[in-house]
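Hello,

Here is the structure I promised to pass on. Please look it over first, then read my notes below.

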Amino acid sequence: WVNQLVVGRSYRETKRIQTSSGTLKVAAGKIVANTLLIGWDYIDYCAAMKGTVEISGPTELVVSNALTLGRFLKTDITNGFSSAKLEIRDGASVKVYGGLVSSFTDPDNFDNELSVSSASLHVKGPLGPFLNCTLFNSTLSLDISTLLSPTTALCYVTNLTTITPITLNVA
């Protein structure tokens, strides 16, 4: 059990121009985290960051609160663009009990991807926004029972790719 897991974060200054990156690959076992941050810009105009998490095989990832798939702030294009990626595949299971979300203040610096392939994802709370989302031979379970207004959009995706079979459960 870990309180906060951060994978891929920027430097806390604008003077560095080197991209920072972090990758977490888990192919077996169980990880329980209070919060998971994948790809985190600390300040506006910082150097690019890249965060990647790959969960595969007989692995279970449980996030008690929010999973953030990218916090993207204002960028200087000469510093590069930040990205965040979560890949769940090959029988893995991910359960998030506080929403799987992202945030951005600069639409030019917004590159995140959620990919679920032959795996399952359960999210209690909101989902997105995501630039890219791919669902392939997977189960996506969305629990919106705790949202204040279930009539508003639950999931925001710019580019959605689906390959059947897909199971969608909404509670």
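Start with charge. The protein chain carries 13 positive and 13 negative side chains. The centres of the two sets lie 7 Å apart. Lys and Arg count as positive, Asp and Glu as negative, while His and the chain ends are not counted. Each charge is placed at NZ of Lys, CZ of Arg, CG of Asp or CD of Glu.

Some ground rules. This is a predicted model, where local features need pLDDT of at least 70, side-chain atom pairs count only at pLDDT 80 or more, and totals for chains, interfaces and linings use all residues. Residues are numbered from 1 along each chain as its sequence is written, and side-chain values use heavy atoms, with hydrogens and water left out.

Confidence next. pLDDT is the predictor's confidence in each residue, from 0 to 100. The mean for the protein chain is 89, and 95% of its residues reach 70 or more. Among the elements, strand β8 (residues 93-96) has the highest mean pLDDT, 98. Strand β9 (residues 100-104) has the lowest, 87.

Now the fold. The protein chain has 13 strands and zero helices. These are DSSP runs numbered from the N terminus: helices are H or I with at least four residues, strands E with at least two. The radius of gyration is 16 Å, close to the 16 Å from the globule rule for 171 residues, so the chain is as compact as a globular protein of that length. That radius is taken over C-alpha atoms, and the rule is 2.2 Å times the number of residues to the power 0.38. Along its principal axes, the C-alpha trace spans about 45 × 35 × 30 Å.

Contact means heavy atoms within 4.5 Å. Of the contacts with a separation of 6 or more, 78% join residues 24 or more positions apart.

Burial comes next. Buried means under 20% relative accessible area, exposed over 50%, and partly exposed in between (1.4 Å probe, protein chains only). Of the 171 residues, 43% count as buried.

Two residues to look at:

- Thr23 sits in strand β2 (residues 20-26). Thr23 is exposed, at 52% relative accessible area. Beyond its neighbours within four places in sequence, Thr23 contacts Val7 and Thr52.
- Thr75 lies in the loop between β6 (67-72) and β7 (83-89). Thr75 counts as buried, at 12% relative accessibility. Leaving out residues up to four places away in sequence, Thr75 touches Tyr45, Gly80, Phe81, Asp106 and Asn109.

Best wishes
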